[in-house]
Amino acid sequence: MSHFVCNECGKTAPLESLSYKCECGGLYNLNFTAPKFSLDLVDKSEFSLFRYRAFFPLQNELWRGISLGEGMSASVKFDDKLYFKLDYAMPTLSFKDRGAVMLIWLCKSIGVKKVLQDSSGNAGNSVAAYAARAGIECEIFVPKGTSEKKINMIKAFGATATVFDGTRDDTADACRKKALDEGVYYANHVYNPLFYQGTKTYVYEIYEQLGRVPDNFFLPVGNGTLLLGCEMALTELYEAGLIKKLPKIFIVQSENCAPFFGAKDAPIDIVAKPTEAEGIAIARPMRGRQILSSSYAGEREVITIPEGDILPARANLARQGFYVEHTTAAVYAAYEAYKNTHTINGDSIISLCGAGLKSEH
């Protein structure tokens, strides 16, 4: 039976727990081992990420009333060395739908009536949408300066958008305080490990679509929700003997907010500067130690995005038909900058994780 395990003291808690962390202060991991990955277990008649539900820890049919058809985004060959995964082609226009549907599925399964969450926009959009679909009340805290388009989308789903006058990290602190003070379920994409059970489908889809995985994954990392899911799924494929070598993972951060760059055991204590890559502007990643101590057996490298390259990269992508938000363009900018000064062995894939309509012009 799947359950939560504290990453600090090892104490366990059931999935029905309404607490977002252990009483010792540690964050929960999920004690769950997926079946050995096989395409034979994929439900090919289901055209959402729930085609992979045999590999999920929840096994009930409530997802059918929550899914918005997320997942199944195309893996497009951009040039001979690069693929794009079009995760902006999701119900709320970002990859966060992968994790949000899993998180709200859990909430519905355990009878949660209201959720609180903090977000720079995309995760808030996703949680608000799936909460609306599931009939769950929702409030999203967003930091001052968040795109009006993202705030308006949150409101459109019927959720309360609370704009907090502070940094992204200050906003998270305020939201967690309210969740504790009022006893509201904290449906957070960083704290709740069910979210990563959704983001791991990013890799499942690439493998199913290409029949393999590219040699390099360039991943935007703020709190690491996509990174953690990818490492999990790539390890599953490797252990199942479906891939012979684990890809190299490039952990991409803004040069103006890069707590993992040069870090060893713990994220570096930094003061974030303003960046166009608002989606990964996380100065204090809550799972920072976990990310740095990852058991992923493949190679990893932290690289940073030159701030001045982000807007030109966005314009360049748009001229070639890919209209993405600034944070997404930043990952492509990092790839191009790295390629100009290093040799990248083999081919690569980049997540086009957010649509251009979500950014201010």
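Residues are numbered from 1 along each chain as its sequence is written, and side-chain values use heavy atoms, with hydrogens and water left out. As the model is predicted, local features need pLDDT of at least 70 and side-chain atom pairs count only at pLDDT 80 or more, whereas totals for chains, interfaces and linings use all residues.

## Annotated span

UniProt, in an unreviewed entry, lists residues 79–349 as "domain: Tryptophan synthase beta chain-like PALP"; UniProt positions are given in the numbering used here, feature names are shortened, and annotations may be inferred rather than shown by experiment. The span 79–349 is 41% helix and 16% strand, and its end C-alpha atoms lie 11 Å apart. Helices (H or I, at least four residues) and strands (E, at least two) are DSSP runs, numbered from the N terminus.

## Sheets

Two strands are taken to pair if DSSP finds at least two bridges between them. Strands of a sheet pair through backbone hydrogen bonds, either parallel or antiparallel.

An open sheet of three strands runs in the order 2-1-3, with antiparallel pairing. Strand 2 (12–14) and strand 3 are at the edges of this sheet and each has a single partner strand, so one side of each is left without a neighbour in the sheet. On average, neighbouring strands here are turned by 35 degrees against each other, direction ignored; the axes are lines fitted to C-alpha atoms, for helices over the stretch in contact, and angles run from 0 to 180 degrees between N-to-C directions. Strand 1 (residues 3–6) pairs with strand 3 in the antiparallel sense over four bridges, and Asn31 in strand 3 is the bridge partner of His3.

An open sheet of four strands has parallel pairing and the order 8-7-6-9. Its edges are formed by strand 8 (160–164) and strand 9 (185–186); each has a single partner strand, so one side of each lacks a neighbour in the sheet. Two bridges join strand 6 (residues 114–118) to strand 9 in the parallel sense, with Tyr185 of strand 9 as the bridge partner of Val115.

## Nonpolar cores

A nonpolar core is a set of buried Ala, Val, Leu, Ile, Met, Phe, Trp, Tyr and Cys residues joined through side-chain atoms within 4.5 Å. Buried means under 20% relative accessible area, exposed over 50%, and partly exposed in between (1.4 Å probe, protein chains only). The largest core holds 88 residues, of which Phe37, Ile104, Val115, Tyr202, Phe217 and Leu234 touch the most other members. Helix 1 (residues 97–109) gives the most to this core, with eight residues. A second, separate core of 28 residues includes Ile310, Val324, Val331 and Tyr332.

Contact means heavy atoms within 4.5 Å. With neighbours within four places in sequence left aside, the contacts of Tyr202 include Phe217, Leu219, Leu226, Cys230, Ile349 and Ile350, together with Lys85, Asp87 and Arg98.

## A buried loop residue

Phe56 is found in the loop between strand 3 and strand 4 and is buried, at 2% relative accessibility. Its C-alpha atom is separated by 8.7 Å from that of Phe32, 24 residues apart along the chain. Apart from neighbours within four places in sequence, residues in contact with Phe56 include Phe32, Met102, Trp105 and Lys200.

## Salt bridges

A salt bridge is a side-chain nitrogen of Lys or Arg within 4 Å of a carboxyl oxygen of Asp or Glu; by this rule the count comes to 22.

Glu278 is partly exposed, with a relative accessible area of 24%, and Lys150 is buried at 1% relative accessibility.

Lys177 and Asp181 are four residues apart in helix 4 (residues 168–182), which means a separation of about one helical turn. Lys177 is exposed at 52% relative accessibility, as is Asp181 at 53%. Elsewhere, salt bridges that share partners join Lys85, Asp87, Arg98 and Glu205 into one network.
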